[in-house]
Amino acid sequence: MFYLLKVPSLKFILLGFGNLPELQILLFLVFLVIYTVTMFGNVLIIVLVVADQHLHTPMYYFLGNLSCLETCYTSTFLPRMLANRTISVSGCFAQFYCFCSLAATECYLLAAMSYDRYLAICKPLRYAAMMNGRLFLQLVAGSWMSGFLICVIMMCFMSQLTFCGPNEIDHFFCDFSPMLKLSCSDSSMITLVSFILAFLDLPCPFLLTVTSYVCIIATILRIPSTTGRQKAFSTCSSHLIVVTLFYGTIMIVYMIPKSSNLRALNKVFSVFYTVLTPMLNPLIYSLRNKEVKEALRKVIS
């Protein structure tokens with residue numbers, strides 16, 4: 001099928017995992033369960049943080065923001081993936097903007113959370129004074145605003161693209177590379193801009209996160225008692241697992257060569273950071289955190 005972008009009734013077709021027709025019903029049920037668990041788990045975390053006064057600390061406010069972000073993040077593409085594989089051109093651009101913005105916001109928010117853990121472990125006596133309400137709001141607001149504003153620049157360039165080729169996107173959501181392959185416009189400028197913005201979105205907050213954890217681990221190793229080291233590590237272990245899952249899978253996806261032989265592997269790893277990580281985050285924080293489990297017991301009782 002061939003078309004021009006200016007035709008208002010045009011639609012893209014998201015191929016997703018359509019090359020596995022015998023598994024379509026099973027995949028539908030699996031993704032439906034994942035979406036249900038993700039929404040329930042993240043909304044539950046938000047409710048617990050709001051309702052329990054023992055969780056009214058910067059650490060859990062950050063967690064509440066992360067759960068809110070994961071709820072929006074998953075809802076960007078999973079309902080569409082479950083309901084209908086066709087999407088309008090404008091809807092595809094809107095989906096990509098929401099996905100790009102929320103993914104960038106998560107990078108900055110994870111960096112802010114690692115800085116919070118750095119202050120709590122490396123500067124415990126000054127933590128309450130340094131991580132006050134003003135700094136918390138600045139970090140959270142800066143994370144959300146940075147993610148959404150950076151992606152506005154990308155969308156300004158992408159809005160200039162013209163599509164005049166096949167309308168099938170070989171992915172389960174509207175991502176940058178699959179959309180760019182369908183364009184017949186000169187992509188040299190937008191490729192350069194995307195590289196610059198990707199550097200701001202991924203390596204910068206990633207390096208901040210790694211630096212924070214290098215300082216945290218160095219501080220923990222200097223604690224003389226084993227109990228003290230275990231207690232200090234337990235306060236950041238959940239966040240460290242989340243960071244590893246998110247950055248590990250997202251880097252694999254965007255570092256894998258975009259060859260036809262590895263395209264299926266690319267989609268599988270994309271499922272990890274777009275679908276599985278948002279589902280696992282509430283489980284990781286609730287199962288490894290005594291205060292969250294205590295708050296959950298209060299709600300249940």
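Begin by selecting His56, which is partly exposed because its relative accessible area is 34%; buried means under 20% relative accessible area, exposed over 50%, and partly exposed in between, calculated with a 1.4 Å probe on protein chains only. The model is predicted, so local features need pLDDT of at least 70 and side-chain atom pairs count only at pLDDT 80 or more, while totals for chains, interfaces and linings use all residues. Residues are numbered from 1 along each chain as its sequence is written, and side-chain values use heavy atoms, with hydrogens and water left out.

**His56 and its surroundings**

His56 is found in the loop between helix H1 (24–51) and H2. Helices (H or I, at least four residues) and strands (E, at least two) are DSSP runs, numbered from the N terminus. Display the neighbours of His56 next: leaving aside those within four places in sequence, His56 is in contact with Val49, Val50 and Tyr61, where contact means heavy atoms within 4.5 Å.

**From His56 to Ser114**

Select Tyr213, whose C-alpha atom is separated by 24 Å from that of His56, 157 residues apart along the chain. Tyr213 is one of the residues in contact with Ser114, and others include Leu208, Thr209, Ile216 and His239. Ser114 has its place in helix H4 and counts as buried because its relative accessibility is 0%. Which backbone oxygen lies 2.6 Å from a polar atom of the side chain of Ser114? The oxygen belongs to Ala111.

**The nonpolar cores**

Now select Phe31, Phe62, Leu110 and Tyr247, which touch the most other members of the largest nonpolar core, a set of 57 residues. A nonpolar core is a set of buried Ala, Val, Leu, Ile, Met, Phe, Trp, Tyr and Cys residues joined through side-chain atoms within 4.5 Å. Helix H4 (residues 89–122) gives the most to this core, with 11 residues. Apart from it lies another core, of 26 residues, among them Phe96, Cys100, Met155 and Cys174. Return to Phe31 and show what it touches: not counting residues up to four places away in sequence, the list is Phe17, Leu78, Met81, Leu82, Val271 and Val275.

**Aromatic pairs**

A search of the whole structure finds 18 aromatic pairs. Rings of Phe, Tyr and Trp (its six-membered ring) pair if their centres lie within 6.5 Å; planes under 30 degrees apart count as stacked, over 60 as edge-to-face and the rest as tilted. Select Phe62 and Phe136: their ring centres are 4.9 Å apart and their planes stand at 70 degrees, so the pair is edge-to-face. Phe62 lies in helix H2 (residues 58–75) and Phe136 in helix H6 (residues 133–158), so the pair ties together parts that are 74 residues apart in sequence. Both Phe62 and Phe136 are buried.

Move to Tyr73 and Phe99, which form a stacked pair, 5.9 Å centre to centre with 20 degrees between the planes. Tyr73 is in helix H2 and Phe99 in helix H4, so this pair ties together parts that are 26 residues apart in sequence.

**The cysteines**

Finally, select Cys92 and Cys174, which are joined by a disulfide with an S to S distance of 1.9 Å; a disulfide is a pair of cysteine sulfur atoms within 2.5 Å. With -120 degrees about the S-S bond, this link is left-handed. Cys92 lies in helix H4 and Cys174 in the loop between strand S3 (168–169) and helix H7 (176–181), so the pair ties together parts that are 82 residues apart in sequence. Both Cys92 and Cys174 are buried.

By contrast, Cys72 is in no disulfide, and the nearest cysteine sulfur, that of Cys68, is 4.6 Å away.

Note on methods
Polar contact = N/O pair within 3.5 Å; in protein donor to acceptor, adjacent residues only side chain to side chain.
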